[in-house]
Every structure is written in C-alpha cells, then in structure tokens.
Amino acid sequence: MSAAPGVRGASGDDDAHAQDDAPPAHDAPGAPADVPRADVTPDAAPLPALTDLPVDGYEAALSDVRGARPFHARNLRRWVLQRGATSWDAMTDLSKALRGELARRFRIRRGELLRTHESRDGTVGLLTRLDDGRLIESVSIPDGGRRTLCISSQVGCAVACRFCASGLDGVERNLSAGEIVEQVLLARDLDGDHPLTNYVFMGSGEPTHNLANVLAAIRVMNADDGLGIGARRITVSTVGHPAALEKLADEPIAFNLALSLHVPGDDARRALMPGLGSSDLVATLDAAQKRFDATGRRLTAEVVLLDRVNDAPAQADELARLLHGRPVAVNLIPWNPVDGVELRAPRPERVEAFAERLRKAGVTTTVRRPRGRDVGVACGQLRRRAQGAGGRRDAR
Ligand code: SF4
C-alpha cells in the first residue's frame, strides 16, 4: 500500500494551491558528481551493488578479494551504510590498491536523482532513475519534529487501487533490497537540518508482493552496523494477505504494521482494490493480530477516504463493528486527487463526521493532515508525469 502519510491524504475541497502556481521542481544535476557511472556499461552485466549485500555479507563478499582482510569488510560496510560514501576515493582508510580491487568487483550504486519537488509545507518528492531506466519516487514528509520517508518497494503496483497513481499501469518489477536501502541513503543526503526520523513502506508497490527484498532491506536498515534505524521507526503498510501476515508474525524485527483496509466488506474492498485477489478481511485482521501478539507493536488500519465511495456514516459504523475488540487504531486519509482518476476528495465535514462516529464507537482514530499537495506528490504521480502518464517507462 502506498498512502504516504498526508501525501495521498489531502482533503481536496480546501485545496488552495493550484498546480500551476506550485513551486518549481528542481532538476538534479544528474547523479552527485562523484558517483562513478563508468561501472555500468551497455555490454557487460553490471557489477554487484554493495547495497544489495546483507549486513553480514560483506565478509564473505571480500573473502577472495586480493589484499582484503576481515576488518576491511567492516570498514567498507561503514562507508557504504553509515557514512553514505558515494565514491571509492572517499574511503580513505582503505589502501588505493584495495579500492582498485574492490572497484573491479563491486559498485557503489545510489540511483540517479533526477528531480526533487518541494512543497511549501516542506514535503519533498524525490524522483529517481534506476539502472534499467525505470523511475521510482520516494517522499520525505515533515510533521512537527519528525520527518518521515515514504519508501517504494516496487516499480508500479499490481493491486491497482482505483484511487492510486502507482497502480494505473500495473507492476513492472520488484525493487532489490539495495534499491530500497538506497532510497534511504539518497534522502539522508538531502535531509539537511531536518533529519529523517521515521520510515514507512507506503510508496509505490505492495510490500508483501516483494516480501523477501523488503525484509532484507529492513534488516539492513535496522542493524546496528547497518543504518541503525530502530524497529519502532519503521512501518510496513500492506493490503494484508493473511499468508503474508503469518510470515510477518515470525519476523523477529518488531517494526510497525499498517493494514490498507480502505472499506469494510470484502466485495467493496475488491471493487476498490481490483488486484487484491481473494481476500477475507476477518482472516486478515486475525493474522495481523498474531503479529501484534508476537511483537506488541501498534497495528493501524488505513482508510483512504473518497467522496461517496467509502465516507458514508453507515460505512463508519460497519468499520467500527469490524474492528470492535481488536487492538487496531484507524488512520483516516482524505484522498489526494490524482491526475486521470475520476474520483473526488471527501468533504472535510464528512471526514470529521466519519472520524467522530468511529471515536464514539471506541475506535482510536486520527485524521492525517494534508502534505505536499501543491506539488502533487500523491503516490506514483511524479513517476507517471515524468514518463508521460502511462506512456514511456524507460526514461533514459
Ligand atoms: S495501488 Fe498499490 S501502491 Fe497504490 S495504494 Fe494500492 S496497494 Fe498501495
């Protein structure tokens, strides 16, 4: 699921900022100047990217590199994951000869930042080109003292929620673990005076459709000798297939889980999320509760509210009945309009009434504040615009 906090969620009726008076996007001057690009040639398979290694994989990867000792693996890992080095030259505690050997075997990949879109509220959309020319986006969202990075897990999405730009063209491919980690490294490079504090898998893609790589990335993000991000600061947002949730229940890293619920009732949910497949909300909630029982970590149900689709009082009551007695809080996300999608944002008074009904029924409920609306960074929109709305997918 990809409801970036407050990004897709914007109440539309009070939108004072027309698209055409939005602050301009900033074209990045290509990749940072010191990122070596010569390591990718059209004729040769790219070298393995260091960011795709698990944290404990550096020792094995360097085991047959001439001149490398075990402590060099530690140093290299620190340069790549903690110091965010983007060139071999930066790694001054590795000898020049060793750096040369390493450069023949591996590459320092970071994705190529094409453009940033900065909103008046401080939200920053990052459009990045992958090695194969495909585009992804990440969104960095300020909220009080926090700054949350919304991370993509796939190029596109197969769930094809009717309100989301990410699913309009289906899914193109999964991101590797390294491509996920690199979104964090890239955003950290840019976060300046407002460091990232929270990380949510709510960008393009359904994380459980790429579960192995998402979990591998989370392990790198969470490890002390990786990016050192506490599990409480990481949230995986998923449509919640019970089988995938069962697997998550066994995952030792106790990150937060958010269910993209959107509308109570299996038929209504499938209509809104056509790529959901067979789904049973009660089974989904039961499986999510196992994760809660195993970790004690917060469970959230996300509801992207759409005018006259799922914002009726009766639907609030049905949702309250569904969640009764479960340790689930609801996060209401008033929909952010998406180019080419013929839906309407809910009226603010209907959003408030919906929230109030849930609260009166005893369900902890929050309403997400709009973010980044003046630059239209609702999930998948930057990428779609850059590739011509469903047209060209290879942006090279
Ligand atoms: S289409 Fe995919 S990325 Fe978009 S909201 Fe649905 S699950 Fe999330």
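**Briefing: confidence, helix pairs and a buried threonine**

In this predicted model, the protein averages a pLDDT of 85, and 83% of the residues score at least 70. Over residues 1-24, however, the pLDDT is below 50, although this stretch has 96 contacts in the model beyond near neighbours in sequence. The protein has 11 helices and 13 strands, and buried residues make up 47% of its 396 residues.

**Confidence and overall contacts**

- Besides residues 1-24, where the pLDDT is below 50, residues 390-396 also have a pLDDT that stays under 50, and for them the model has 15 contacts beyond four places in sequence.
- Among the contacts in the protein between residues at least 6 apart in sequence, 73% join residues at least 24 apart.

**Helices α9 and α10**

- Helix α9, which covers residues 313-323, and helix α10, which covers residues 348-360, have axes that come within 9 Å and cross at roughly 30°.
- Angles under 35 degrees count as roughly parallel, and α9 and α10 are therefore roughly parallel to each other.
- The crossing of these two helices, α9 and α10, is right-handed, and the contact is made by Pro313, Ala316, Asp317, Leu319 and Ala320 of α9 together with Ala353, Phe354, Arg357 and Leu358 of α10.

**Helices α6 and α8**

- The axes of helix α6 (residues 242-249) and helix α8 (residues 281-295) come within 8 Å of each other and cross at roughly 5°, which makes α6 roughly parallel to α8.
- On the α6 side, Pro242, Leu245, Glu246, Leu248 and Ala249 meet Ala283, Thr284, Ala287, Ala288, Lys290, Arg291 and Ala294 on the α8 side.
- The residues of this contact of α6 with α8 divide into 8 nonpolar, 1 polar and 3 charged.

**Threonine 51**

- Threonine 51 is found in the loop that runs between β1 (26-27) and α1 (58-62).
- A residue counts as buried if 20 or more other C-beta atoms lie within 10 Å of its own, and threonine 51 is buried because it has 24 other C-beta atoms within 10 Å.
- Once its neighbours within four places in sequence are left aside, threonine 51 is in contact with Val80, Arg109, Gly178, Val181 and Glu182.
- One of these partners, valine 181, lies 130 residues away from threonine 51 along the chain, and yet the C-alpha atoms of the two residues are separated by 6.9 Å.

How values were computed: Residues numbered from 1 in each chain as written. Predicted model: local features only at pLDDT ≥ 70, side-chain atom pairs only at ≥ 80, totals over all residues. pLDDT = per-residue confidence, 0-100. Contact = placed C-beta atoms within 7 Å. Axes fitted to C-alpha atoms, helices over the stretch in contact; angles between N-to-C directions. Helix = DSSP H or I, 4+ residues; strand = E, 2+ residues; numbered from the N terminus. Parallel < 35°, antiparallel > 145°, perpendicular 65-115°, else oblique. Left-handed = near helix turned anticlockwise from the far one by under 90°. Buried ≥ 20, exposed ≤ 12 C-beta atoms within 10 Å, placed from the backbone. Nonpolar A, V, L, I, M, F, W, Y, C, P; charged D, E, K, R; others polar.
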